[in-house]
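Subject: A structure for you to explore

Hello,

Here is the structure I promised to pass on. Please open it alongside this email and follow along as you read.

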Amino acid sequence: MKLSDFDFDLPDDLIATRPANPRSAARLLVAAGGDLHDGRVTDLVQWLQPGDRLVLNDTKVIPARLSGQRHRDSAQGAVAAKIEATLLEPRADGTWAALLKPLKKIKPGEAIVFSDDLSATLEGISEGQGHLRFNLSGTDFDTALAEAGAMPLPPYIAAKRAADEQDKTDYQTVWARNTGAVAAPTASLHFDAALLDALTARGVDVSYVTLHVGAGTFLPVKVEDVTTHRMHAEWGKVSEQAAAEIAATKAAGCRVIPVGTTALRLIESAARDGQIHAWEGDTDIFIYPGFDFQVADALMTNFHLPKSTLLMLVSALMGQEEIRRIYEHAVGNRYRFFSYGDASLLIPAKADTPQKSGANP
């Protein structure tokens, strides 16, 4: 299985830099029963059936991108220089792992001032990451970070424009509550309160799980034999309640539909013995063609990068040839791609029965 098997041509102008407004007005490409249907995210109400269960990732993105000044005493006196930091994750010793730019210009012991309230000291460097100890903790740290930080937009958006205040709303789900992600579960960005209410009225159930999406989600695959790729680890949790709800849906013969690849990877991590269980820990599960799905019956997701692990995941669910056809349709019909782009609802043939599938809206 070669990396080149997951490549496709994507025009640069199809990369979305802002989301649809309102969120649920984004386009939705539904692949079901071998057919492709063009619509809007609001059409989910027609495609989902009573008893279906959506699994939503309730992680909350932190404004992890910081700009500051490093300070150093030299023979010429105090010296200051600009430095950029992207927080990755808290470490067991109370420091934060962070990407620092330029990393080679800063030394352990130096201070970085990000705002009047927020500063940090570099305590060490390992594996290309700096270890920052901040002057604040707890809610004081959260408050100061919210003021000083910017949303960590994906590289393909950041290359086109800088993050702004609007991104603090746009790059966060409406149900975000467990702080810890440095990237959004982007398929979930299409939901607003009105759509959730409509789905509830339809009889669609919802369960919440937590997977803190890390910056590693944007790392490219560098091996030609994709089966040798090693995924970055991310922390996740499936509660007793969520596991019981998902198990009950499966037992009733109804569909479990994760919203986003993060929710799918998490529930499959919690069900490797064939049954969903409460689960907590780091997962580096890698899903590519040949994977044996235990829980997910379908998937709502955005359109993904060529040669990415996410494209491999959807190929595992739908089949490589079918995903190639879906993506050719998406490009040809000018769907918007990646984090702020449009969405797809992928329903494999085994989950698309007359009893369980919606009519064409």
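How many aromatic pairs does the count come to by the ring rule? The rule pairs rings of Phe, Tyr and Trp (its six-membered ring) if their centres lie within 6.5 Å; planes under 30 degrees apart count as stacked, over 60 as edge-to-face and the rest as tilted. By this rule there are 16 aromatic pairs.

One of these pairs is F8 with F337, which is tilted, with 6.1 Å from centre to centre and 40 degrees between the planes. F8 sits in the segment before β1 (27-32) and F337 in the loop between α9 (320-332) and β17 (343-347), so the pair links distant parts of the chain, 329 residues apart. Both F8 and F337 are buried (buried means under 20% relative accessible area, exposed over 50%, partly exposed in between, with a 1.4 Å probe and protein chains only).

F337 also pairs with F303: the ring centres are 5.2 Å apart and the planes are at 40 degrees, so this pair is tilted too. F303 lies in the loop between β16 (299-302) and α8 (309-318), so the pair ties together parts that are 34 residues apart in sequence. Both F303 and F337 are buried. Ring pairs join F8, Y156, F303, Y327, Y335, F337 and F338 into a cluster.

Before going on, a word on the ground rules. This is a predicted model, in which local features need pLDDT of at least 70 and side-chain atom pairs count only at pLDDT 80 or more, while totals for chains, interfaces and linings use all residues. Residues are numbered from 1 along each chain as its sequence is written, and side-chain values use heavy atoms, with hydrogens and water left out.

Now the whole chain. The protein chain has nine helices and 17 strands; helices (H or I, at least four residues) and strands (E, at least two) are DSSP runs, numbered from the N terminus. With 361 residues, a compact globule would have a radius of gyration near 21 Å, and the protein chain agrees, with 21 Å (taken over C-alpha atoms; the globule rule is 2.2 Å times the number of residues to the power 0.38). Of the 361 residues, 52% count as buried. Among contacts (heavy atoms within 4.5 Å) with a separation of 6 or more, 71% come from residues 24 or more positions apart.

Next, have a look at α8. Is α8 mostly covered or uncovered? It is mostly covered, as 10 of its 10 residues are buried, including L310, M312 and V314. The buried residues of α8 pack against β1, α7 (261-269), β16, α9 and β17. After α8 comes G319, whose phi is positive, near 100 degrees.

Finally, some backbone details. Most residues other than glycine have a negative phi, and most peptide bonds are trans. The peptide bond from N21 to P22 is cis, with omega near 0 degrees, and P22 is in the segment before β1. The bond from K101 to P102 is also cis, with omega near 0 degrees; P102 lies in the loop between β7 (96-101) and β8 (111-113).

E127 is not a glycine, yet has a positive phi of about 50 degrees. You will find E127 in the loop between β9 (119-126) and β10 (129-134), and at 81% relative accessibility E127 counts as exposed. K307 has a positive phi near 60 degrees and is found in the loop between β16 and α8. With a relative accessible area of 34%, K307 is partly exposed.

Happy exploring!
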